[in-house]
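Welcome! Take a moment to look over the chain below, and then we will walk through it together, from the overall picture down to a few charged side chains.

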Amino acid sequence: MVSIFAPTRALFRATLPLTLCPMDEVVGRVPALSPESLAHVLKGKLALVVGGTRGIGHAITQLLLAAEAEVTVVGRSATPPTGIAADLFSVEGCERLVAALRERVTRPIDIVVLTVGAWPSRTNAHAANGVHKVVALDLVARHVVLTGLAAADLLAPSCRVMSVLAASQAYPRVLVDAESVQRSLERACVDVPPATSSLVGGFSTMFHTALAHDAWLRHIGTRHPGLILMSTFPGILATDVVGS
């Protein structure tokens, strides 16, 4: 089935190309590695995949398991014994997740993968607490969970943190500037959410949240210099997330 987003994607790519900015311009593109080749690095490592029950997160979970890592999966539909069900749309839900991990984890976490996120919705844009779902998952949940894990001493020295988001890009200046990002995020965090939300405005919020996410990741690096922080654009991972 052809995705209903295909025409929009084609127009967007033709008129507003996004230039990827890799962190390591020397390494550039590398061939995909098999689970067997990754096992010598990942075997026995403790990994936490937040948003690991569907799409990209599920694919990453399966690869980690195939490479013989020990994986804990977090998601709304996650089930024991390897999964923890959690609703991360609120700060309280994120804090409950950290508390559950504190009770469950018996040794420091070596790898954290943050893939939790939400597509903009015209009819169901805001969480129950009035925060736009894109901001709640792409930014707030990442901050509360990661800083909570660090505060609880659940992260191993040199823990590798990978955040999968539409980030690490050079957006056209016509779309973004510091003032527009601030206004967008302020509108996305309201006390009483409207019944509907503009879909165009939702995608604008997604772009601006991604930029705020990159700034947040840099800030986390200054607060926790021992962590190895990485971010990747989800489009480079082959999944059916858009088609579904």
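The chain folds into seven helices and eight strands. Keep in mind as you read that this is a predicted model.

**The chain as a whole**

Of the 244 residues in the chain, 43% are buried.

**Cysteines**

A disulfide is a covalent bond between the sulfur atoms of two cysteines. How many disulfides does a search of the whole structure find? The search comes back with zero.

**Salt bridges**

| Salt bridge | Distance, N to O |
|---|---|
| Lys43 and Glu68 | 3.8 Å |
| Arg107 and Glu70 | 3.0 Å |
| Asp110 and Arg107 | 3.8 Å |

Start with the pair Lys43 and Glu68, whose side chains meet at 3.8 Å. Lys43 sits in the loop between helix H2 (35-42) and strand S2 (46-50), while Glu68 sits in the loop between helix H3 (55-66) and strand S3 (70-75), so this pair ties together parts that are 25 residues apart in sequence. Is Lys43 buried or exposed? Its relative accessibility is 54%, so Lys43 counts as exposed. Glu68, with a relative accessible area of 44%, is partly exposed.

Now move to Arg107 and Glu70, which meet in a salt bridge of 3.0 Å. This pair links distant parts of the chain: Arg107 is in the loop between helix H4 (91-104) and strand S5 (109-114), and Glu70 is in strand S3, 37 residues apart. Arg107 is partly exposed, at a relative accessible area of 32%. Glu70 also counts as partly exposed, at 44% relative accessibility.

Arg107 has a salt bridge with Asp110 too, at 3.8 Å. Together, Glu70, Arg107 and Asp110 form a network of salt bridges.

**A buried arginine**

Our last stop is Arg142, which you can find in helix H5 (residues 133-151). This residue is buried yet has no salt bridge. Which side chain of opposite charge is nearest to Arg142? It is Asp138, 4.1 Å away, whereas a salt bridge calls for a distance within 4 Å.

What, then, lies beside the polar atoms of the Arg142 side chain? Look for two backbone oxygens. The backbone oxygen of Val116 is 2.7 Å from a polar atom of this side chain, and the backbone oxygen of Val164 is 2.9 Å from a polar atom of the side chain of Arg142. Leaving aside neighbours within four places in sequence, Arg142 is in contact with several other residues, among them Leu114, Thr115, Leu137, Ser163, His213 and Trp216.

Definitions and conventions: Residues are numbered from 1 along each chain as its sequence is written. This is a predicted model: local features need pLDDT of at least 70, side-chain atom pairs count only at pLDDT 80 or more; totals for chains, interfaces and linings use all residues. Side-chain values use heavy atoms; hydrogens and water are left out. A disulfide is a pair of cysteine sulfur atoms within 2.5 Å. Helices (H or I, at least four residues) and strands (E, at least two) are DSSP runs, numbered from the N terminus. Buried means under 20% relative accessible area, exposed over 50%, partly exposed in between (1.4 Å probe, protein chains only). Lys and Arg count as positive and Asp and Glu as negative; His and the chain ends are not counted. A polar contact is a pair of N or O atoms within 3.5 Å; within protein, one must be able to donate a hydrogen and the other to accept it, and residues adjacent in sequence count only if both atoms are side-chain atoms. Contact means heavy atoms within 4.5 Å.
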